[in-house]
Structures are given as structure tokens and as C-alpha cells.
Amino acid sequence: MAVKDFYRNGYAQRLVFFQTQWQVLFFISCWIPFAISQIRYSIPEEMSKGSIIGNVAQDLGLDMKRLRTGRARIVTGESTQYAELRTDKGILVVSERIDREQLCGDVTPCSFSFEIILENPIELHQVTVEIIDVNDNSPVFEKSKIYFEISESATPGSRFALESAYDADVELNSLQNYVLTRNNYFVLKQHSNPDGSRYVEMVLDKALDREQHHNLSLKLIAVDGGNPQRSGSVNIDVTVLDANDNAPVFNQTIYRASVMENAPRGTYITTVNATDADSGSNGHITFSFSDLKEHSRDIFGIDENTGLVSVLGNIDFEKEKRFEIRVKATDQGGLTSTSKLVIEVVDVNDNAPVINLMSLSSPVAEDVPPGTTVAVVNIKDFDSGKNGQVTCFINENLPFSIKSSLSNYYNLITDAFLDRETHSEYNITVAATDSGSPALSSSTTLRLKVSDINDNAPVFDRSSYSTHLLENNEPGLSICSVTARDFDWNQNSRVSYFLENIQIGGAPISSYVSINSENGVIHAVRSFDYEQIKQFSFAIKAQDGGNPPLSSNVSVKITIQDQNDNAPQVLYPVQSGASVVAEIVPRSADVGYLVTKVVAVDVDSGQNAWLSYKLQKATDRALFEVGLQNGEIRTVRQVTDKDAVKQRLTVVVEDNGQPSRSATVNVNVAVVDSFPEVLSEFTDFSHDKDYNDNLTFYLVLALAVVSFLFIVSIIAILSVKCYRWRRERMFYKSGANLPVIPYYPPLYADVGGTGTLQHVYNYEVCRTTDSRKSDLKYGRPCSESIISLDSSGTQRLTHAQRERMKFDNCDNQQKPPSADWRFTQNQRPGPSGSFRLQPTHVRWTPPSRLRAAATPEVAVGTGPWPNPPTEAEQLQALMAAANEVSEATNTLGPGTMGLSTRYSPQFTLQHVPDYRQNVYIPGSTATLTSNQQQPQQALPPPQAAIAAAQSEPPKAAQTPASKKKSTKKEKK
């Protein structure tokens, strides 16, 4: 029921205008996934803001919660929004002043429409509000005064058209009646047009008499039918003229014409024609529009002389489809007549369809079923007929379609399931085309985003993973990494990695490995031992961050690779400190007799477990041998009575790893014929064990002492070098030249090559006269001695040696700087003769000394000698060290000189030259020697020296210092 609120006397009075008029029409479609309905209200105009139009929630059967959650709103398009929806109460109220005359003009009934849209799901409700007219406008005349000039000869019955009043109200509230004030000459005649409007004429009822009344003043009153009634008036001023007894006459009562909308200015429409029977000025007619509405005054114009009607302004079919105009013809005598001009406006397709987006559900979930409405659009075309018929469509190859639901409303619905991973966004172009000629169209693009649904589980890049890991790894070592990809988006694509909870060997998998949940890197939790676990498999779960989460598994196999981290273990013979086990070998054993078998195992695998057996040490190496592969100890020769009863063998068991590891086992062998003999010798094995332990201790101690002495020697040598350098700097330019003191080494030659010096190294130290540094040449090793002496003392040289020496003599000759430093053949120390011999030792010349040259013509050096006391102190210290070495060597017994056994078992101290022989102390006439009963003459007389040089063949000379250095080099 429509209501109207009037506010009078401070209280609200509700009046019922008419029944019903609620029309609620619901359309329910099976395939359209949203509700559609229509509702209609009727309200009076000029209601105050906030006045209630109707209860939408009650009329549509909706609750308040649905209005709020569905974000109910009013969509009016481009027009003014006169109503407001209050979702908290579910009512429609007036939001703007509603003036029916401004909204609809003369059109009845007057109404405006809008849509109420709800979302989730989408509901569309069309609301039409009819505006009931209220008598709020009074009749109005266009002019405030009307002037007439009427000839007194006008006959009674003459008609004079009056201007009609305009009332903006409609129906009963519009203009209903005219009233003319009382007078003696004129009466009022009212007429009705076909459209219901009224116009009046003033009819002369009694002939005028200008002599009595030359001017008459009348008032025309227009009254409407409203309650309360409203009225308007206009003054009529009549001037009585002289006689003009014929009024103009139109040739047609109604003129009809048509004009195209948007016709340009000046377009011809039609021509009206009227005649006047009078002559002269009384017969001259002028044309004008009468009762022309305000909005039509600027659209049409008429030529007052010719009656031609033309276009003055813009004609819009959508605003006005037909115009009815009163045309008035007036002669000079003031007589008039009227006719009607009806102008029909022809529609032109000048309006393209207008597309308004009413609702858009963006983003839309990718799992919505087909047939879901995602958008509602409203399409209007203000043209009429075919020009207003619209066809709507969207671009092809999209999983959407558009269908019409209500008049001018179209729904965009899904045709298939959406997949965000394939298309995360759609640009949907909605186009509308009318049926005009030419057709006009418009389009708009809807950007629809597809929201992600967690419908894809993570996928690993491999079906399974396999990797290798060396045993004995460090805990926390990165083993490998797994990678999974999720095609979803955002949180749904965030992959986390977890270990599946399984047991390996009774322990959870988390005690073996761990995985980084962010990047999938697998780390070792413990250090693995190949001998305990060779491989293991487990499962990794990749889980996304969706709700609910999706996951997938992959298997990972880790193979532990063996390292050579275990030394061989000897199983037999068993090593025990509590008792000694001895193997018995009868003296009658033949060659190849199996004494025992060393049994060993290596818990490693592969080549790390391949074992080889070697005999490291034995009491008699010539008696036993060990099988390289099987570890069998067998006799090599026949056992004799001379063989010791107690035989101790040390067998090394070595694997094939890199680096290899080994174990040793001591095998005690008793060479006896009876068991009692074994018992008698049983206790001696423990003595040997103690002896070996003491020997190891002494060897370690000796190694430490030698290392200490070596460091001290290096420091002493560096100190002496520094000291000599400083002395040389002090006496460099002193010019003091000391004589060369020759040194005669003992006769020693390595003839057979059976000693420790298996190879001969030749060294040459050369100095220039002003050099502070020595140049050291290393000669290549030779398989035999450079100098060989037979038993008679005769010198022998090979042909190649002679040629090389000659070549060296030629290359190394120098011109002496001074004649005072030339020596004769007999004055040169060391070997003499025509050949320059290369000794088998290092001949070292101290800094700034002279060394004998190869020929008498060569000077070997100049420079000051160090102070004699310093040389004496050094030589005395050298002798003391030599005595200590000699005493320590004598305590070891024959054949046990340190590491000499590595060269030859027959090597003894007798093959080593005595370092204490022929030590010359500068400034002294005595020679230090190890044999005190054999004193030697340090410096023989010159004649004796010359005779010795001539009679004896040259011998290889070695100084004590060079002997010591050569011995150390060979030991290394």
C-alpha cells in the first residue's frame, strides 16, 4: 500500500491514496544461479528527506543479516539517486527532494526505477517508485497583461483568442477552469484539445461603442482542480478601435509536419497560411505562436510575414517525440484567428548503447561450478524502435557466456570449470550493438581475476632420489637436496619438506638425517659407519601451505661408501700379554714347510679389504718367508743345527686402501725337535719382548737428541756465518794477505764400490777475487769412483774422465791478478799432476780464502783469513764432536752403525773414514788424530813436501768437514 505523509499542525497524518499498488514479481530460473524480482511502490512528491518509502526486507522476504553480508546497495546508473537503502532496518527512505514536474514533466504516470543488488550469491531486485502528483503548482500565465485593439465595428460573436495558462501539475491538480471578470461586452468560451489541455476565447457579446468606452479592463482567472485549489490571473486591456469587421482565416484547421531529430538550425518544417477579407492595412496579417511551452520556444520559429516554420534549436527525440503548437494570425485591425500545428519528431540512431557494470565478482574462485554468475551488466539504448534494439555478446574462446535476465540486464556466467594455473586472469570484452542503420555499438572490458584454490599437490622433479655418502662424515654435512614445485599461487604454493616417520634399525629416521623444511637440503645428523649400515631409504613429504594442505612423497636412497678406516685385525696367532705362543718347527723340516698361517680380516669392503702379508722383521730372514696373499709362513731353506732355537718373526698385514692401513703380528717360532725344549726356551721370549721395548724407547730418545743437535747446529752455523760476514766487512779493504796453508788428506779411495757411497757426487766451489758468495756446482752421480788407485798406488783414469778434465781445465782457466800469487806445481796443496782431478768429496774453501787451482797459472782467490784463534776453536769443537760420535758408535758393536744396514749387511765401521785423522790446527805444528801412538807431522818441510809430491801419485783428499758432510748426505 502506497502512503503519503503530510506534515500539518505539528503532527503527521497518513492518508491512503489508493490500494495496492505493490506489485512484486519474482522470476526464478533453474539455470540462472541468482534470484531476480520486481517490486513497485507509490509515494507522493515533495516528501521530506528520510521519509519511508517501503520495507524492502519484509517485502522481499530477506532478513537484515542477508542485507549486510550481501552488501546490498542501490544502483541507479547515471540518473539521480532519490532513494536510500538502510540495511540495518531493511527500509527504503527518501534521500533527495522529488519534484514530479522536474522529474517527468507532463508525462503520466511518473516513476523512476533502480536496482537493488546483493552478492554472494548475486541477487538482483528491480524497484519502481511511482511519484504521485501533489498540487504544488498554481496556474501561470506567460504574460502579466494582454492587450487587445478591437474595432468598434466588431460584430457580436467575434472571437478573440486568449493566452492559456500553464499548470505544471497533472490530472486533477492541473488547470481545470477559466473565469472572466464580469463585464457588459465579453463572455468567455472554453475549448478542450485532444490531449486534454484547455484554451479559451473571449467572445464579443455586445457591440462596442468607442464613444462610451474606448478602453476596457478585464481579468482572466485560471483555476486548477487541486485541494486546496490554486489559481492564477492575467489582466486584459481592450482598446476600442475604429471598424475592422473581417478577421483572418486559416486555410487549415490543423497543420501536420515531421522533422528529423538533430535537424540543423534553419531546417524547413512547414508553412501556415491565413487570409483576411479586409483591404488595406486591415488586411495585412502577421503570424505568431500562441501558447508555446517554455522548452519549445528555443526549438521552433515562425516568420511573422510568411508563416514559415523552421528549426531554431536542437531537437532530441529522446526528450520530446511530438510538439503541438497554436499558430495565431492577426490583422492590423486586431482581429485574430488560430490554428494548430502538430510536429512529429522522427527518431535517428544517434545514441550508442550504454553499458553499465552493475556487479562484478572479482576475484572468482577457480572451483566455481559452470553456470555461476560472475557479473551483471545493464545496457540501455535511448533510441526507439529498431534503433533501440540491442544485441549483447562477448569475445570468443573464453569459458564464459552472456545471457539476458531482465529487460536491459545481462548476466555473465561461467561455461566451464576455471583453472588458475592455466589462466589467472581474464579480460572479457562485453560489446553491445543496436539495430539501427548504421548500427552503433559500444564495449567495455571486464578484468576478472581467478583466485587460487589449493587443487595442486607439490610435484618433485624426480620420481626418486639416490645419492652416495662417504662414511665417517661430519655431522651436519649436506648430503643432497630435493626440490618440489607447486603450481598453485601464494600460500598454496609454498612448499615445506618433512621426513616421513619411519624406523631404521629400531631408531627413528630423524636420528640419521634431517631436512631443511624451506629448501629441501638433507643433512646428516650423525657420522655413518659403512660397517654398521651400508644403505638406507626413507620418504620425504612435500606439503604446501594450503587449507587443507596437499602433499606428495618421494623416496630417497642413501648409499654409504666405504673408506679405509679400519686396520686389518689379526685373528691368528692371538696376541696376548699373559702368555707367549710359539710355533714349533722341527729341525728336520724341509724347504716349504708350513710353519703357521697368519689369519687376518678387514671389516672394510672392496679393495680396502684386500690384504697382503709381508715379513717385516725376522731373526733369520733367510729361513722364513710369508705368502703375499694367504699369509702362510713357510721355510725357505732346510733347517740346520746352526739356526737359533728362538726365531721371532714380525709380519705386517696391510690392506689395499688409500692410504693403506696395516697391522703387525709377532710370531714366535721354536726350532726344536721335542716339546721339553720348547718349555726350556719359553721364558726367554718375554726377555726379548722387554729388550725390544727398551730398544724402541732408546731409538725414540736418540731421534729426539739428534733433532735437538741438528737445530743447535743450524743456529751455530748461522751465527758463524753472521760473524764471518761482519769480519769480512771490517777487513775487506785491509789488504792483509795471509799465506795459504796446505792440507794433506789421508790416502783413501772407494775402489770397489762396496761401502756406503754407492754413487759419487762431484761438487765444485768457485769464488772470484771480490765475491762474497760462493757458486756451488753439482755434478751428476757416477757408478764408479773418479779416482782409482791400485795396490801400487798408481793413478788410473778412464778416457772419458781425462777428456772431461781437459775440457774443464780449458773452461776454468783465469789470468792471475798478480804474479805474487802464482804457485808452482809442487806448492799447490792436494792432488797434483797434469790432470785436474775431481775428488769424491766436497772441497770447501772458507770465505775470503784461496783454493789451489787446476794449473799453476790460475789464482783461485784473495782475501783475508779469519783470526787464527777462531779457527782453532772451531776445529777443537769439531774434534770433540768427532770423539763423542766415535765413542757412541763403539758402544753399538760391529755391524750396527745406525742405518747402515739398509745398504749392506757387511757394512762396518772399518769402511768409514776416521773423522779424527789429519786434523790441522792453524798456527800449530801438531796434527790431531784418533790414534795417540801415531803422531804426525802437520807441516812437513818444503823439500819433503816437494819430494812427496813428486814420488807419490795424487790421492783423493778430504777435509774433516767435507768428510762429515758426505757421510751425512749418504745416510740421508
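C392 is buried, at a relative accessible area of 13%, where buried means under 20% relative accessible area, exposed over 50% and partly exposed in between, judged with a 1.4 Å probe and protein chains only. The model is a predicted one, in which local features need pLDDT of at least 70 and side-chain atom pairs count only at pLDDT 80 or more, while totals for chains, interfaces and linings use all residues. Residues are numbered from 1 along each chain as its sequence is written, and side-chain values use heavy atoms, with hydrogens and water left out.

Two other cysteines are bonded to each other. A search of the whole structure finds one disulfide, a term for a pair of cysteine sulfur atoms within 2.5 Å. This disulfide links C104 and C110, with an S to S distance of 1.8 Å. The torsion about its S-S bond is about 70 degrees, so the disulfide is right-handed. C104 is buried at 17% relative accessible area, and C110 is buried at 2%.

Next come the strands, which, like helices, are DSSP runs numbered from the N terminus (helices: H or I, at least four residues; strands: E, at least two). Strand β52 (residues 632-635) pairs with β48 (residues 594-597) in the antiparallel sense over three bridges, pairing being assigned if DSSP finds at least two bridges between two strands. Here R634 of β52 is the bridge partner of L594. Three bridges also join β52 to β51 (residues 624-626), again antiparallel, and T635 in β52 stands opposite F624. The hairpin of β51 and β52 has five residues between the strands, and G631 takes a positive phi near 75 degrees there.

Most residues other than glycine have a negative phi, and most peptide bonds are trans. N472, not a glycine, has a positive phi of about 65 degrees; N472 sits in the loop between β36 (464-470) and β37 (478-481) and is partly exposed at 36% relative accessibility. The peptide bond from N120 to P121 is cis, with omega near 0 degrees, and P121 belongs to the loop between β9 (110-118) and β10 (123-132). N227 and P228 are likewise joined by a cis peptide bond, with omega about 5 degrees, and P228 lies in the loop between β16 (215-224) and β17 (231-241).

Finally, helix α5 (residues 684-730) contains F708, which counts as exposed at 56% relative accessibility.
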